[in-house]
Amino acid sequence: MNTTSSRQNSMTPGSPQKQTPASSLPSGSYFKRIVSGFISLLRGMGLTVTYLTDPRTVVTQQYPENRATLLMTPRFRACLTMVRDETGAHCCTACGLCEKACPNGTISVLTMKDLSGRKMLGKYVYRLLQCTFCNLCVETCPFGAIVMGQNYELAAYDRDALVLTLHSEEDEPHA
Amino acid sequence: MSVFPDKVLYPPNNPIGDLVRTLVPAPFSDVLNGGLAIFSLLALASLTPVVLIWLERKVAAHFQARLGPMRVGWHGTLQPVADGIKLMFKEILKPEGADTFLFFLAPILPATASFLVLTVLPFDHHLQVTDLNAGVLFVIAASGLSIFGVLLAGWSSNNKYSLLGGIRAGAQMISFEISLALLMLLIVLLSGTASLRGIVLAQQGTILDWWIFKFPLFGLVAFILFLISSTAELNRGPFDIVEAESELTGGFTTEYSGISFAMFFFAEFVNMFVAAALATTLFLGGFLAPQMGWGMLDRLLDAVPGFVWFFAKTYGVIFIYMWFRWTFPRLRVDQLMVFEWKVLLPMHLFLLAVAGFFITMEWIPL
């Protein structure tokens, strides 16, 4: 109590030393404070009772049961995925900025040369085990080639199953 | 002096007791009736926390836009059973250097205190174990025991967190006990009797004859003050400085585990029921039906047994306690003490003086 009043005095050095002992309360006369405090308490109770009575405010998801209708928030980040258009083509230029941006060494961008000798993406390795879903790789990518996906059911029985290959030129049908 | 000359006189005997008295000869019938009364109170004291724990968790969850327990039974109805089984099978630990006797005695005291108060509560006009002339005095004396349990638990644990929690709890409960006693004294002054049954019978008539309305405006203020003081006395939020799980590692219950912790936990919920029942008895007309003064409806409301009204009102008050807990942030220790000694206590003394003035002017019809 004393520390509070001294702090308030130091903040307003010009004010006269007429502090009430309960200076942590809002300003006004004794009775005015009681009434305004009571009104604000009632307002708080009104807010919580709307949460209680309105079932639409419930945010809890009953996950295994409502798997089909599960609502995901747009900002939710899970397994990294590659953005592909309708033909299945990606827009990665294998610049390797994501690999450098990653604090954990999660990403390895392996390059290869195409027929004209230009650098292109050979294999994109993503180690889910090390990923902290910090989103730095997505933010660094100048081409918007990667995005944090919404698939969160990522458990596996084998560590090797968690080293994902997001793209491999060998697997591509047109290669 | 007969306090209620032209009011309905409710018979104090109940049919079960009468039946036992006709079937069994005199000295044994009293023993049997006493046994039945104790058994039914024990059943109430053990079932109430089970209901209240589930209710608290569900109400808390919905106040916070959650769902609460949903998996054990329909909407989590069997959750208290699961909790109870878990607590029973947990190991009971005793810290090194703790006072063994006091350490295991302490959890029993709060439960005992709330059980003692149950014996004088009028659940219905014929459902009361004993109607003491000084019922209010007995309630104040018996509920003092629970403070003793808390202090002993804090001291005997041989742990600084427990001791600090216990001291805080003791200071808080003793301070607010004074407030509660003053409010009970106010009702005693208004009713002209200290027997809880007498207090209920002094509120006969319509809903406007309950003490919350019969003592104009001040009755409502007194009821709100009673809710605040009893919330603090129960160590519930926003006055749960004793427990303050985010600040005090659990207060006086730090070292308790298993069934000894469960005893504190159960006592807390029985205490909440008792406090709500007292609020009902003192301010909301106890077991009396909420009559409106319209002939037909009144007869319909009167047909409902009194204990249904009693439990309905009590659970209504319990809901208000839960509403408080899950809406307001916790107070600081010094704020709590300032609130009690500088706000509540003067207000209660003022209310008492006003009540005395009303009675001398004969503005309150008896």
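Predicted model: local features only at pLDDT ≥ 70, side-chain atom pairs only at ≥ 80, totals over all residues.
I take buried to mean under 20% relative accessible area, exposed over 50% and partly exposed in between, with a 1.4 Å probe and protein chains only.

Residues are numbered from 1 along each chain as its sequence is written, chains are lettered from A in the order in which they are written, and side-chain values use heavy atoms, without hydrogens or water.

**Chain A.** I looked up burial and found that buried residues are 26% of the 175 residues in chain A. I then listed helices (DSSP H or I runs, at least four residues) and strands (E runs, at least two), numbered from the N terminus. Chain A has four helices and five strands, in the sequence order α-α-β-α-β-β-α-β-β. For contacts I use heavy atoms within 4.5 Å. Of the contacts in chain A with a separation of 6 or more, 61% are between residues 24 or more positions apart.

**Cores.** A nonpolar core is here a set of buried Ala, Val, Leu, Ile, Met, Phe, Trp, Tyr and Cys residues joined through side-chain atoms within 4.5 Å. The largest has 76 residues, and Leu118(B), Leu186(B), Leu196(B) and Phe283(B) touch the most other members. Helix 11 (residues 258-283) of chain B gives the largest share of this core, 12 residues. A second, separate core has 21 residues, including Cys79(A), Leu80(A), Cys98(A) and Leu162(A).

I checked Leu196(B) further. Leaving out residues up to four places away in sequence, its contacts include Val120(B), Leu121(B), Pro122(B), Leu278(B) and Leu282(B).

**Leu225(B).** I located Leu225(B) in helix 10 (residues 218-233) of chain B. It counts as buried because its relative accessibility is 5%. Beyond four places in sequence, Leu225(B) touches Leu183(B), Leu344(B), Met347(B), His348(B) and Leu351(B).

**Helices 1 and 2 of chain B.** I fitted axes to C-alpha atoms over the stretch in contact, with angles from 0 to 180 degrees between N-to-C directions. The axes of helix 1 (residues 15-23) and helix 2 (residues 26-63) of chain B come within 9 Å and cross at roughly 150 degrees. The two helices are therefore roughly antiparallel (over 145 degrees; under 35 is roughly parallel, 65 to 115 roughly perpendicular, the rest oblique). Ile16(B), Gly17(B), Val20(B) and Arg21(B) in helix 1 meet Ser29(B), Leu32(B), Asn33(B) and Leu36(B) in helix 2.
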